[in-house]
Amino acid sequence: MSYDLMVFEPTAAPKERKEFMAWYAHQTKWTEDHGYQNPTVSSPGLQAWLQEMIEHFPAMNGPLANEDSDDSRVTDYSIGQNVIYSAFSWSVVEEAYPKVRELAIKHSVGFFDVSADNGEIVFPGDGTKKKKPWWKFW
């Protein structure tokens with residue numbers, strides 16, 4: 001069993017939770033007519049996220065695979081047109097969650113905590129804007 005997180009193309013996903021969960025269920029049927037190890041099928045934002053993510057959590061399979069399969073940071077990425085699903089070892093959860101979320105925000109893609117009950121869904125701009133203190137009016 002793995003700890004799973006997903007990033008997604010925000011323009012393709014519904015924003016309401018109920019509709020998002022139905023969309024997620026459809027995405028994870030893996031019915032697109034391509035292999036799920038090829039990053040070129042994804043949007044530019046997802047590709048940029050993956051390119052930076054594998055510097056921290058190398059890919060287990062596909063053209064970007066790491067040869068050190070004993071490294072607990074090696075991650076199984078399933079790459080679709082609108083999603084990248086990441087299956088991490090439980091031993092790296094404390095590092096993986098914040099890195100996936102941070103890079104999702106950086107690359108303007110969505111973030112979904114698959115493994116959590118009622119997992120967090122973040123769209124670009126959600127909670128990332130800093131508010132001015134109430135006393136600053138200029």
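Buried residues make up 42% of the 138 residues in the chain; buried means under 20% relative accessible area, exposed means over 50%, and partly exposed lies in between (1.4 Å probe, protein chains only). This is a predicted model, in which local features need pLDDT of at least 70 and side-chain atom pairs count only at pLDDT 80 or more, while totals for chains, interfaces and linings use all residues. Residues are numbered from 1 along each chain as its sequence is written, and side-chain values use heavy atoms, with hydrogens and water left out.

**Overall build**

- The chain has three helices and five strands; helices (H or I, at least four residues) and strands (E, at least two) are DSSP runs, numbered from the N terminus.
- Read from the N terminus, the order of these elements is β-α-α-β-β-α-β-β.
- The radius of gyration of the chain is 16 Å, close to the 14 Å that the globule rule gives for 138 residues, so the chain is as compact as a globular protein of that length. The radius is taken over C-alpha atoms, and the rule is 2.2 Å times the number of residues to the power 0.38.
- The C-alpha atoms fill a box of roughly 55 × 30 × 30 Å, taken along the principal axes.
- Of the contacts with a separation of 6 or more, 66% are between residues 24 or more positions apart; contact means heavy atoms within 4.5 Å.
- The chain exposes about 8,100 Å², and carbon and sulfur atoms supply 52% of that area. Accessible areas come from the Shrake-Rupley method with a 1.4 Å probe, and for residues only the protein chains shown count as cover.

**Nonpolar cores**

- A nonpolar core is a set of buried Ala, Val, Leu, Ile, Met, Phe, Trp, Tyr and Cys residues joined through side-chain atoms within 4.5 Å.
- The largest nonpolar core has 23 residues, of which Val 7, Trp 49, Met 53, Tyr 77, Ile 84, Phe 88 and Val 100 touch the most other members.
- At least two residues of this core come from each of strand 1 (3–8), helix 2 (44–56), strand 2 (76–79), strand 3 (83–88) and helix 3 (93–106).
- Apart from this core lies another, of 12 residues, among them Ala 13, Val 83, Phe 112 and Phe 123.
- Leaving aside neighbours within four places in sequence, the contacts of Val 7 include Leu 46, Trp 49, Ile 84, Val 100 and Phe 111.

- Strand 1 and strand 3 run antiparallel and are joined by six bridges; two strands pair if DSSP finds at least two bridges between them.
- Asp 4 stands opposite Ala 87 of strand 3.
- Strand 1 also pairs with strand 4 (residues 110–112) in the antiparallel sense, over three bridges. Here Val 7 has Phe 111 as its bridge partner.

**The hairpin of strands 2 and 3**

- Strand 2 and strand 3 form a hairpin, with three residues between them.
- Four bridges join these two antiparallel strands.
- Asp 76 has Ala 87 in strand 3 as its bridge partner.

**Residues in loops**

- Ser 43 lies in the loop between helix 1 (17–27) and helix 2. Its relative accessibility is 13%, so Ser 43 counts as buried.
- The side chains of Ser 43 and Glu 9 are joined by a polar contact of 2.6 Å. A polar contact is a pair of N or O atoms within 3.5 Å; within protein, one must be able to donate a hydrogen and the other to accept it, and residues adjacent in sequence count only if both atoms are side-chain atoms.
- Lys 15 is in the loop between strand 1 and helix 1, and at 58% relative accessibility Lys 15 counts as exposed.
- Most residues other than glycine have a negative phi.
- Trp 30, in the loop between helix 1 and helix 2, has a positive phi near 55 degrees. With a relative accessible area of 27%, Trp 30 is partly exposed.
- Asn 118, in the loop between strand 4 and strand 5 (121–122), has a positive phi near 55 degrees. With a relative accessible area of 62%, Asn 118 is exposed.
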